[in-house]
Every structure is written in structure tokens, then in C-alpha cells.
Amino acid sequence: MLGRGAILSLFPAWRCSRFSPHSGRPAMACGTLLRLALSVSALCAACGAAFLYHDYCVLGAGPSGLQAAYFLQRAGRDYLVFERSHAPGSFFAIYPRHRKLISINKRYTGKSNGEFNLRHDWNSLLSHDPRLLFRRYSRQFFPHADAMVRYLEDFAALLELRVQYNTAIVHVTLDKDPQAWNGHYFVLTDQNRQNYKCSSLLVATGTWVPNVVNFPGSEYVEGYETVSINPEDFAGQTVLILGRGNSAFETAENILGVTNFIHMVSRSRVRLSWATHYVGDLRAINNGLLDTYQLKSLDGLLEGDLEDLAIVKDKKGKLHITLRFYLENRNTSAGIDSVTLPQDELDNFATRAPYDRVIRCLGWKFDFSIYNRSLRMMPGRGNKNKYPQIKPSYESRGTRGLFVLGTASHSIDFRKSAGGFIHGFRYTTRAVHRLLENRHHSVPWPSAVRPVTQLTNSIIKRVNEASGLYQMFGVLADIVLLRENATAFEYLEEYPVGILAELETQAGRNAPEGLFVVVMEYGRNFSGADKDVFYYNRAVGEAQHAWQSNFLHPVIYYYKRLPTEREMKLRPPDWPLPRPDAIHHIVEDFLTDWTAPNAHILPLRRFLENCLSTDLRSFFAESCFLFALTRQKLPPFCQQGYARMQGLAGSERLRRHAVAAGLLEDFAAADFSGDKLPDGDQLLKDHVVPVRPLQHLVNAKDEL
């Protein structure tokens, strides 16, 4: 924006000092030109107030917003993050109220592989800077929330992310323009009526609006967001908690030792995370109330629809629970004596004792209020109505170019995977960035092309190290695209399985010769609120029964062609993908270490060989030489190595290992350690090979 001084500096000959009475020019010229300059300045100010443009606008500087900013900055894109608070991660400055996170901070795993260690680090964001690992900010397994606030502040500062603080976006609408990336621009207005225009909008505001249930007497209910966190304020009181998530149990845990008793009511039964394998369900760190309930220490859990409840306050300030239909056609202001309570008809009604306090702990929902109707931001259906409707690509179903990141995108994998939490959405945010890079900047999804002989090792390496596959099980997958008549493959990491049918357009990669899809899955019938996950013989240990594995394990799908969108829609219930042409389960492992030669690697290699009708074993040069003499077609390893004069250089140590393994004859006269080779006569004399049947030599060789 040009100021008054800048405008005048464009016209140095017109400065007022040149229009003095001694110049001989009219005295009014100075004022006229000054007014002209001020008018131009005001016009430019108005233009600046109209909009400030960026290619990408990111709403929210929480974890997902900062993660998106990191990838945009590394790619050199034009972006700006808008944050209503004065610092990033403002949600964590308040929540959880009792300041203990339930995301684990496992600082030691016994391994130095950074990718593997992220499997057990649920708080770090992805970056190239080793200083920005959360284990450097807290030593606690369940960290204090203030550590997360410090971490996010450092993440934004050290990486110099472009965040505009104290900017609350209060309205978002569309400006149609056929020249725009998506056929329209997004126009954002802040609290100061400053307008911003962007081509792509990334919504990373999370879910922060409290869920509230309205019923008669709900005005007596205290909210989780404002209730006291001092246990002494509850000493000797009787408390009813509405809700059954981690916030409800967190609140109960805080006051468990000082209350008379605590009752907890919700419409659904308690869901334990170790049974459902969903980290958003009740975690063990907060479940003390379950002990006191089942061990009959006064506390208890009840099920019921909260909308059917009603609360009546008596003259002593006590809160009585009744049912809504008892209050129909009655004047509740007339007093407690005129209201029928359930215990009047059923004298052992569970909640007949009056309560001192009722606390609402029902979680949060997405804020739809700032979006104009033209964006068609609609809530999901059923238990997903607290999230906006989005596609499996994380793009809004109503508006092209609007992507939802972080917790607000959890409708894709709600109660299934970790997409609503940092250790999950750090990977889905990266996936969205890669989709945008392909769509707007013609940068295809990152991939690596390798010879087919490396296929088994590539898959084994990923299933043993990759944290994105491990955390976003059933949602993100590695895609192996076959190339050059199955003599090579192209490996894509952590692609959203929900848009597999759109791979060629979304990722910029073709799949003309078939593909493998590598995902992590739990057993089909192992997870659920009513499941006993500790039953005897719950684990499978033999490769032939790998398909019955219950715990998280790798599953490889093979397709001769890319599945269609129709096939994706008609896939079996609870299947992440359509029925494949072939499928292979790598048997579950107690150590999550899938490197056992017989139990893990050999069955996988044979599965791949059957799908590709080839031999993926590795051979010594001697075997390749014999194959060249006895076969019409060499195995791929010999074609790509021995036949091209490539392979592992010989050494004395390797020779002894091969001899000990029975893979080579012990030719004692051979000397692989010296740099100088013997002359021709001596070479022939020392390397006399005993005549043996060719088939015996071939059978003696196996894969390395």
C-alpha cells in the first residue's frame, strides 16, 4: 500500500516546496497537487483494503495448520496462516483443562531409526529439523499440555513460518472467476474488515465449539470449558457428569478422591481404547472411575438419552434428575413439590439422590458459522455431524479447492484410525499437500523406480519402519505400480486408499500393468466395545494362518488393473479396498518386527512371485552362470545383475559365509583377498572345479 510520502516521491518535481511565491507559479497549485496526491493515496489504500492475495490461505495455527505451512514453505509456495490468538496452539493453552495430554511421548524404543521412532511419538510434527522432536520438550510419558504450547511456538519460530497472529477470520465466501485455479477465489474477512483473497483454502481450525444438549433445567449445568479444576471445590459434594469420553473421565479422575460419589450418564456404553483400538476412546490413564464403579465404591455409570432428561432445583440448591415427559404441561417454576419425580413411581430409581453439581463434558464440534452458504459447508451425518462433509481426498464435498485438515477432517476415519490426532493428521496433511502439488503445480506424487528384484525388500523395509502406514492403518497405503512388463516397479508412499481409483489424476502416476497396495490392518472381528481382546489364544503365530491375525499387521492387495470408482463404492463392509485379484497377510508379530526369514519374508516373496509369474530370489554368480547354460530365460536377478556384469564384489569374508551356509563349494586354493591375480596358468591350475551334476549345483543355491 502506498502512503502519502510514497505518492509524492513519485513526482519529485511537484513537491510543495517548488510552489513557493518566489517561483512565479500560482500559489494554489501546491494545494491542488497535494489534494491530488492524497486522493491517489486514498485510492490505493482502498484497493489494498479490498483484498490481499495469496495462493494458499490456511485457517488456524494449531498443529495441522503449522504442519501444512511447513510443507508449503518447503515447496516455495505463496501462503499465509491466519491465527486468531497471539500465539500458535491456543487450544492447548486451555485444553485439556487438567493439563495432562493422553498422547504418548515414548522417548526410548531401543532403535535409532527416526522413522520407526515416530510410530511411538504421538506429539511431534514432521520436519527436517531434529531439534523439533517432542522428546526434547518433555520427559513425561503423558506430557503436560504447556509443553505442547512451547513446542508449537518453537516450531513456528524456528522454521520461520508465515503466520499472521491476532487475526480472526469472521467470514468466508466465494468470488467466481473462470481464470482462478478452481473456478473461484476464496474471500476471507477478518475482525478489522480486511479482506484476503486466495486460490486454495486449507481449513485447520479443529473442533472447538462445545457440544451442548438443551433440555429443561440445562441452565444449571456447568461446562467442561469453565468448571473449576480445583478438587477442593468439590469436597463432600455429589456430582453428576454428562458424557463418557476422555474429557468426562478426566474430570472425574480429578475429583474422585474428594466427592461423596460421582455418577456419569451418556447415551452409549463406555468404549475402552484397548478394546476398540481407537485412541479417541477411553484411555487407561483416565479410567479410575471404572474401578470404583465395578468395585462398588459408590460411583457409577448409567446409559440414557440426555435429551430425555430434565433437572429441577430445590430450595436448598440441590439438583434433582427427572424425565422430560414428567414436566410436560407443568409449570416448573412452581417448585420442586409440584413436579413428579421418577422415584415417586419407582422408589429405587437410579438417580433418585439429589446432586450438588452437574457437569457437561460432551466434547466439541466444528464451527460452521463463518462460512457463507455459497461454500456449502455441511455437517456430516449421524455420529459424524460434528465434522464437515469431505471427500476421501480431504476436499470439501461442496466446494472445490477447500480442504479440511487436522481434527476437523476426522470424519474420514472416525473411530477407525488416528486421523483426528497429531500422530495421524501429520501424515494426512502431507498427503493433501502432495495432492495440491500435483493439481496446481504439476509435481507428481513422489516415487522411486527400482528393479523388481528389490520388491520384497522394499515392502519389508516399509512395513518395519514406516510410521504413516502404522498410525493411519487402513487409511494411508503404499502403492507399488508395476513397470516394464513387471521387470521394474514404482513405489509411492502413504497415498490415501479412499481415492485409489483416482490415482492417475490425483497423483500424476499411471498404473497400466497392475499394482500392489500395502496397508496395515487389525483383524476383521477383533476390535469393538464389546470385544474381549485378552482372550486365550488371541494371537496367531504361524504363517499359514496369517489371514486370521488379530493384531496390527501388514496386508498386501494385488490388482491386475486399477480399481474403478464403482468398485470402491461397492467394496465389502469394513474393507479399506475392493476385493483384489490376490491378497496376502503377513502374520502378526509380538514385537511388530516383520523380518523373520521363514515366517515373514519367504511367504511374502512367494506371494509376489505367484502374482508376477517370476522368480524373485537372489543368486550367486555361479548359479546365474549355470542358469545361462541350462535355461532359456534367466531369473530377473541374473538378468539385471550377472548378465550386466553387476553384483556384489567378492571377499574372503563373503566366501566363508557362503561356504558355511552350503551355498558354495570350499575351493581352498582360491584366494579372494589379494589385489594381485595369479597368472593364467596358475589361475587354471588353482581353480580346477570338480565335475558335479548341474542340477545339484542349482539346488544348493538359495536366496541370500
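I began with Ser-613, which I located in the loop between α14 (597–612) and α15 (621–630); helices here are DSSP runs of H or I with at least four residues, strands are runs of E with at least two, and both are numbered from the N terminus. The model is a predicted one, in which local features need pLDDT of at least 70 and side-chain atom pairs count only at pLDDT 80 or more, while totals for chains, interfaces and linings use all residues. Residues are numbered from 1 along each chain as its sequence is written, and side-chain values use heavy atoms, with hydrogens and water left out.

I then looked up the accessibility of Ser-613 and found 66% relative accessibility, so the residue counts as exposed (exposed is over 50% relative accessible area, buried under 20%, partly exposed in between, with a 1.4 Å probe and protein chains only). I also noted that the C-alpha atoms of Ser-613 and Ala-486 are separated by 9.3 Å, although these residues lie 127 apart along the chain.

Next I turned to the cysteines, and I found one disulfide in the structure, taking the term as a pair of cysteine sulfur atoms within 2.5 Å. Its partners are Cys-624 and Cys-638, with sulfur atoms 2.0 Å apart. The pair links distant parts of the chain, 14 residues apart, with Cys-624 in helix α15 and Cys-638 in helix α16 (residues 636–640).

Cys-624 is buried at a relative accessible area of 1%, and Cys-638 is buried at 0%. I checked Cys-57 as well, which is buried at 0%, and Cys-198, likewise buried at 0%.
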